[in-house]
Amino acid sequence: MLDVQTAAHPHVTRREDYRPPDWLVPEIALDFDLDPAATRVKATLHVIRESAHDEPIRLDGGGQVPITVMVDGTPINDWRIEDETLVIPLSGSAHTIETEVEVAPERNTQLMGLYASGGNLCTQCEAEGFRRITFFPDRPDVLSRYKVRMTADKARFPVLLANGDPVDSGTLGDGRHWAEWHDPFPKPCYLFAMVAGDLVANRATFVTGSGREVALGIWVRAGDLSKTDHALEALKTAMAWDERVYGREYDLDVFNIVAVDDFNFGAMENKGLNIFNSRYVLADPDTATDYDFDAIAAVVAHEYFHNWSGNRVTCRDWFQLSLKEGFTVFRDQSFSADQGSAAVKRIEDVRGLRAAQFPEDAGPLAHPIRPDAYQEISNFYTATIYNKGAEVIRMMATMLGPKRFRAATDLYFERFDGTAATCEDFVACMEEAGGIDLGQFRLWYSQAGTPRVTASIEHDAGSGRAVLTLSQRTLPTPGEPDKAPMVLPLRLKLFGAETAKPIGPEQLVILTGAEERISFETVTQRPVLSINRGFSAPVIVETDRTAADLAFLSAHDDDPFARYEAMQQLMLDTLVAGANQGRANHQAVIDAIVNTLDDPQLDRAFVAEAVLLPSESFIGDQMPVVDPEAIFTAREALRRDIGHALDARWRAEYDAASATRFEYSPLAKGLRRLRTVALGYIAANGGDEAAALAFAQFEAADNMTDRQGALTTLVNGASDRRIAALDIFYNRYSDNALVLDKWFSTQALSPRDDTLATVQELAGHRDFTLANPNRARALVGAFSVNQRAFHSGNGAGYRFVTDQLIALDKLNPQTAAKLIPPLGRWRRFDAARGDLMRAELERIVGTPGLSKDMFEQASKSLE
Ligand code: PHE
Ligand code: ZN
């Protein structure tokens with residue numbers, strides 16, 4: 001029977017069905033005759049039969065038809081195409097297969113395979129893009145040595161880059177030239193890359209610990225060269241860090257990064273030739289915020305770190321994706337923590353986890369960090385795989401301690417170098433070198449959902465005994481009704497309510513059962529519990545701590561994260577009460593903010609984080625039914641009160657934080673951050689005069705952080721200067737795509753009543769296009785996470801997003817499918833909203849010609 005793969009009969013790939021490959025491809029030579037309209041690709045594969053079987057070789061394709069197929073130098077005819085796979089019967093145990101295909105990069109709007117961006121040609125192969133370039137066993141456990149030859153018009157594509165090291169190049173008579181690159185390291189095809197373009201490089205040399213000289217290059221359009229210093233510095237810092245912290249050296253003679261404007265994700269770790277979304281490369285003070293600078297360093301480090309965690313040791317199959325991504329995110333987070341304030345970095349990471357991963361784990365698309373099944377693997381590049389995956393590695397690092405963790409990663413890299421490994425391989429190394437049993441801990445790999453921990457403490461002043469009761473439960477997720485207790489490493493400490501000093505040292509309590517009790521003796525004063533310090537486990541903690549306890553911890557806890565957390569909890573309790581009851585007492589929050597502002601020990605970046613209110617969606621996550629209007633109203637009321645009660649303080653902080661000249665240092669960044677937060681509170685309380693202050697900052701700013709901070713304040717407000725500022729901003733940056741993205745997203749994220757109308761209008765703006773993923777995300781993606789606006793207008797917000805996603809799916813299914821989750825949150829809202837959201841998901845599922853990416857996301861969201 002014919003296996004019809006339509007959206008309604010999706011093909012499901014299951015982890016349990018994994019089988020090793022029938023054929024290996026130890027060597028491949030690729031020959032590209034490059035042209036945007038018609039590129040010829042000749043591939044020569046040396047294939048070896050793996051074990052005794054009589055299966056033909058199956059080479060994945062992406063819809064192309066081979067122009068020729070040859071086996072051992074002779075053209076053959078007995079090949080066939082099944083679905084998109086090229087099936088070739090082979091008699092012996094080793095053969096040479098040659099194929100030739102033609103592809104059209106300039107018509108490739110999916111941005112997978114070989115495509116054109118800004119007049120240059122580039123590739124993206126992870127996860128399954130290589131098959132769109134040539135026929136090949138497109139699976140990560142087939143590792144090959146690559147030789148690549150590229151021929152192209154010399155004037156149009158003067159620079160030709162590929163993986164590995166350059167070996168030869170030359171000029172042809174007809175205005176064309178060629179280059180050849182060899183990569184000595186066997187790699188899966190998802191790490192293949194090549195670039196042909198009119199590019200210039202910011203170059204440097206890095207000398208590795210063992211004395212190897214590596215030529216570094218950051219390749220961009222000529223006009224962008226001045227914006228590459230930060231990325232280059234970050235690269236050098238990351239290379240040295242990986243040697244120092246993980247003992248990992250770079251292994252080729254060159255390391256190149258290329259920036260492209262059209263890119264589905266952040267960046268890609270192709271061996272020796274990383275390809276980046278230009279937003280994670282280009283920065284100067286005039287166009288990039290501090291946040292952008294930090295993100296660039298983090299992504300440069302992340303992709304570089306993949307050279308070991310991903311490339312030297314790769315994944316056996318795509319179910320193991322978190323093996324490389326969770327670990328590499330953990331590595332980049334640790335790197336960033338070492339570059340500035342570790343506490344602020346941890347706060348940012350936890351905020352990100354709560355904004356993206358917790359809702360995922362609580363919704364219809366919940367999956368464990370090692371999933372069991374997928375329809376489209378691109379849909380599994382999720383916050384769960386990446387960020388929860390990093391938390392799982394962090395928990396193991398916490399339990400092992402730094403020395404044993406390093407021994408375990410050394411063992412992992414040594415044992416699996418040059419192979420395609422599994423999550424189980426990694427955990428086994430942690431167990432072996434760490435000397436601990438991770439049997440129950442492995443549940444983190446197979447069980448979805450965020451555990452909820454309740455903690456309550458009973459104190460008997462007479463006997464001096466305190467008993468802490470900890471319990472855990474995880475709510476059901478789709479397909480997993482019953483959850484087992486997890487291993488939860490919880491760093492905790494008690495503080496004396498009277499002395500405000502710790503009672504005893506911090507303990508690492510490893511909760512493994514559904515409920516456990518821990519006793520503390522000689523506790524002579526009432527203890528206040530500080531728990532999950534440093535966010536040692538990715539869980540939701542519920543305690544019976546009072547507002548006074550939380551205020552106390554926010555002033556006295558000696559773990560900065562716990563201090564932040566206490567303040568957040570206090571704010572959340574206040575805001576949820578406000579949303580439920582229409583009013584709340586704001587005094588405790590205001591007092592806690594004053595205490596924090598007054599503390600001279602705290603760095604300004606930390607203060608800026610600590611005094612910031614939780615987002616509207618995070619408040620919604622605490623409520624059984626999300627009421628966007630009530631949340632917005634409660635949050636605005638608290639913001640106004642904080643602004644009003646502390647007006648003089650905010651103005652003092654604002655003035656104190658005003659620097660004379662731009663500097664990129666942790667101290668200066670902290671001051672800018674606090675200044676923007678102060679401006680927000682001044683504006684929450686003030687009217688026209690506050691808008692004038694914001695406008696003055698907007699005009700005087702010598703950097704994008706201050707300029708965008710002021711613009712956001714204006715765009716969120718009622719003043720007429722809003723229009724003027726937007727116009728000035730637009731005109732100043734109309735030729736800079738990355739800054740125009742900010743112009744779009746700032747408006748899409750505004751809490752104003754007219755945001756929906758504004759966004760609808762912006763979708764018709766001459767600078768708006770769905771063809772560029774950054775631009776699509778800047779408008780549609782940003783709007784759909786603006787809780788109040790997205791859920792406004794009686795479903796008009798949902799309709800707008802759905803219309804855009806259906807249109808985007810025709811161009812770029814991957815990017816479209818990633819924007820489905822906000823619609824999938826329908827269960828969290830009232831019935832009227834839920835029905836409207838479901839109707840839009842049904843409209844998506846019923847769209848003729850829908851991609852399997854969108855089908856999987858939308859149909860699962862309806863279940
Ligand atoms: N592997 C990339 C990373 O470093 C992400 C990515 C996935 C990029 C798929 C492109 C396509 O996380
Ligand atoms: Zn990655």
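Biologist: How close do the axes of helix α15 and α17 come, and at what angle do they cross?

Modeller: In this predicted model, the axes of α15 (residues 666-685) and α17 come within 10 Å and cross at roughly 15°.

Biologist: Why is α15 called roughly parallel to α17?

Modeller: Angles under 35 degrees count as roughly parallel. The crossing is at roughly 15°, and therefore α15 is roughly parallel to α17. The crossing of α15 past α17 is right-handed.

Biologist: Which residues make α15 and α17 meet?

Modeller: From α15 come Arg672, Thr676, Leu679, Gly680 and Ala683, and these meet Thr705, Asp706, Gly709, Ala710 and Thr713 of α17. By class, this contact of α15 with α17 divides into three nonpolar, five polar and two charged residues. Gly counts as polar in this division.

Biologist: Which residues make the contact of α17 with α18, and how do they divide by class?

Modeller: On α17 the contact is made by Leu711, Leu714 and Val715, and on α18 by Arg721, Arg722, Ala725, Leu726 and Phe729. By class, six are nonpolar, none is polar and two are charged. Arg counts as charged, and Arg721 and Arg722 are both in the contact.

Biologist: Which residues surround ligand 1, and what classes do they have?

Modeller: The shell consists of Gln124, Glu126, Asn264, Phe265, Ala267, Met268, Glu269, His302, Glu303, His306, Glu325 and Tyr381. Four of these residues are nonpolar, four polar and four charged. Strand β20 (267-268) and helix α2 (290-305) each supply at least two residues of the shell.

Biologist: How much helix and strand do the two annotated domains have?

Modeller: UniProt, in an unreviewed entry, lists "domain: Peptidase M1 alanyl aminopeptidase Ig-like fold" for residues 449-543. Over residues 449-543 the chain is 0% helix and 55% strand, with the end C-alpha atoms 20 Å apart. The annotation "domain: Peptidase M1 alanyl aminopeptidase C-terminal", likewise from an unreviewed UniProt entry, covers residues 548-863. Over residues 548-863 the chain is 72% helix and 0% strand, and the end C-alpha atoms lie 43 Å apart.

Definitions and conventions: Residues numbered from 1 in each chain as written. Chains lettered and ligands numbered in written order. Predicted model: local features only at pLDDT ≥ 70, side-chain atom pairs only at ≥ 80, totals over all residues. UniProt positions renumbered as here; feature names shortened; annotations may be inferred. Helix = DSSP H or I, 4+ residues; strand = E, 2+ residues; numbered from the N terminus. Contact = placed C-beta atoms within 7 Å. Near = placed C-beta within 6 Å. Axes fitted to C-alpha atoms, helices over the stretch in contact; angles between N-to-C directions. Parallel < 35°, antiparallel > 145°, perpendicular 65-115°, else oblique. Left-handed = near helix turned anticlockwise from the far one by under 90°.
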